[in-house]
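This report is meant for a reader who is meeting the structure for the first time. Please look over the sequence and the structure before reading on.

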Amino acid sequence: MIPPKPPSRRGKGSVWRFIRDFRGDILSAQSDRLYRAWMAEFRGPFIHSFTCNDPQLVDLVLRRRPMDFPKSPRMAAGLQPLLGNSSFISNGATWLHQRRIIDIAFAGGRLREAFPAMWDASEAAVARLAPLADGTETDIEPQTGHVAADVIFRSLFSIPIEDQVASQVFDAFREHQAAQPMVNLGGLLTLPRWARLHGRNVRTSARRIRGLIQSLIRERAERIAAGTAPADLATKIMTTPDPVTQKRFTDKEMVDEVATFFLAGHETSASALAWALYLLAEYPEWQDRIADEAERALTPDFACVKQLEISRAVFRETLRLYPPVAMTVRECRHATSLRDRKAPAGAQVVLSPWHLHRHQRLWDNPDGFDPGRWQTENGKICQRDAYIPFSAGARACPGAGFAMIEGPLILSALVRAYRLEPPAEPPVPVMRLTLRGKNGIRLRLTPR
């Protein structure tokens with residue numbers, strides 16, 4: 001059994017066919033040749049792009065010369081209603097200032113300090129699923145979104161998802177997720193600004209989210225001033241000065257970053273967890289191995305994290321097959337050469353973890369589910385050279401270590417409590433804000 005994979009466009013396509021297919025499904029609009037090609041150049045009236053699968057090109061863009069390949073401003077325009085000018089989409093001196101503060105906030109013991117929040121959220125998720133564990137099909141995506149949001153709010157603001165404001169933010173994010181893709185046509189095509197206006201649902205949900213986050217930040221600022229604020233991630237970020245400029249985040253900058261943490265930490269984790277649970281339903285032998293491991297090793301002690309080896313391998317393999325951010329777009333700051341092709345300044349550089357992680361010239365059994373691959377020579381080489389679920393280099397996700405503890409922990413807790421069985425029809429991967437099931441990801445749960 002091969003895990004679900006959307007069909008690819010076959011043959012040579014025109015710009016107009018690409019636009020038509022892209023509006024239906026971003027992944028299916030891509031050529032099937034990308035699973036073997038090291039690079040693909042696409043030119044047309046509105047677009048000049050290079051999709052790079054060569055590990056050396058990926059290394060060039062992400063690690064060796066990241067400032068020469070900034071985030072595409074056209075991609076940023078698609079996310080600005082929600083994220084403002086946060087570190088996820090900013091460039092240059094602004095981005096450097098933001099990352100200096102964020103990197104300090106995430107450094108030194110932060111994972112150990114966040115573990116109790118992850119544990120409490122996982123326990124709450126187990127209890128929340130009990131009424132659904134009756135053997136009938138249920139969409140697991142809302143549930144993984146719920147637990148991922150719970151982790152974020154407990155870690156950032158020391159409040160559970162049941163808090164009134166947290167619950168409202170969660171509901172608004174679900175609306176925004178359905179309305180706004182991570183990469184849209186405006187991120188790839190040189191269209192006039194009037195042609196890239198945001199839909200009403202995108203603007204409305206973004207305003208609602210930012211307003212709710214603003215209320216949380218104002219309340220936290222008051223508690224910081226009064227000396228009563230908890231020592232959580234929000235307090236750490238709000239009180240950390242940039243070591244170069246000594247400036248702290250303004251309220252607006254803090255709203256931008258919290259929205260980004262929620263997008264990067266909630267949407268991505270929810271996506272990965274849902275796909276992991278589906279894969280375990282289809283591969284019961286791995287499910288049973290995780291359940292046995294969890295019975296032995298899962299405890300409310302941070303030290304248990306190292307013992308969840310099978311769960312971690314499954315989660316890592318899920319991120320390979322179903323990377324939450326399946327594509328991202330950079331821009332050539334200067335004219336350059338990519339595999340002996342001239343790329344002019346302003347050309348779009350598309351990095352696609354979806355295709356890189358399934359590349360037929362890099363991976364053994366690229367479309368198969370095999371958590372054991374990480375112990376093989378091929379798996380170790382590809383993990384180093386062709387595996388970027390959290391990006392890489394200077395702009396790698398600062399929460400990567402956070403996610404690699406949260407994911408296996410929640411997965412272990414859920415599988416220890418429930419047996420998972422697959423749905424009658426497999427889910428169809430589509431790329432929205434993150435990689436989701438076109439009609440949800442349905443499973444059948446029963447108590448163990």
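## Cysteines

A disulfide is taken here as a pair of cysteine sulfur atoms within 2.5 Å, and by this rule the count comes to zero disulfides. Cys52 is in no disulfide, and the nearest cysteine sulfur to that of Cys52 belongs to Cys332, 8.1 Å away.

Cys52 counts as buried at 1% relative accessibility, where buried means under 20% relative accessible area, with a 1.4 Å probe and protein chains only. Cys304 is also buried, with a relative accessible area of 4%.

## Basis of the model

The model is predicted, so that local features need pLDDT of at least 70 and side-chain atom pairs count only at pLDDT 80 or more, while totals for chains, interfaces and linings use all residues. Residues are numbered from 1 along each chain as its sequence is written, and side-chain values use heavy atoms, with hydrogens and water left out.

## The sheet

Four strands form an open sheet of mixed pairing, in the order β1-β2-β7-β4; strands are DSSP runs of E with at least two residues, and helices are runs of H or I with at least four, numbered from the N terminus. Two strands pair if DSSP finds at least two bridges between them. The edge strands, β1 (39-43) and β4 (328-331), each pair on one side only.

β1 pairs with β2 (residues 48-52) in the antiparallel sense over five bridges, and Ser49 in β2 is the bridge partner of Phe42.

## The helix across the sheet

Helix α2 (residues 55-64) lies across β1, β2, β4 and β7 (348-351), contact meaning heavy atoms within 4.5 Å. Helix α2 runs at about 110 degrees to β7, with axes as lines fitted to C-alpha atoms, for helices over the stretch in contact, and angles from 0 to 180 degrees between N-to-C directions.

How values were computed:
Buried means under 20% relative accessible area, exposed over 50%, partly exposed in between (1.4 Å probe, protein chains only).
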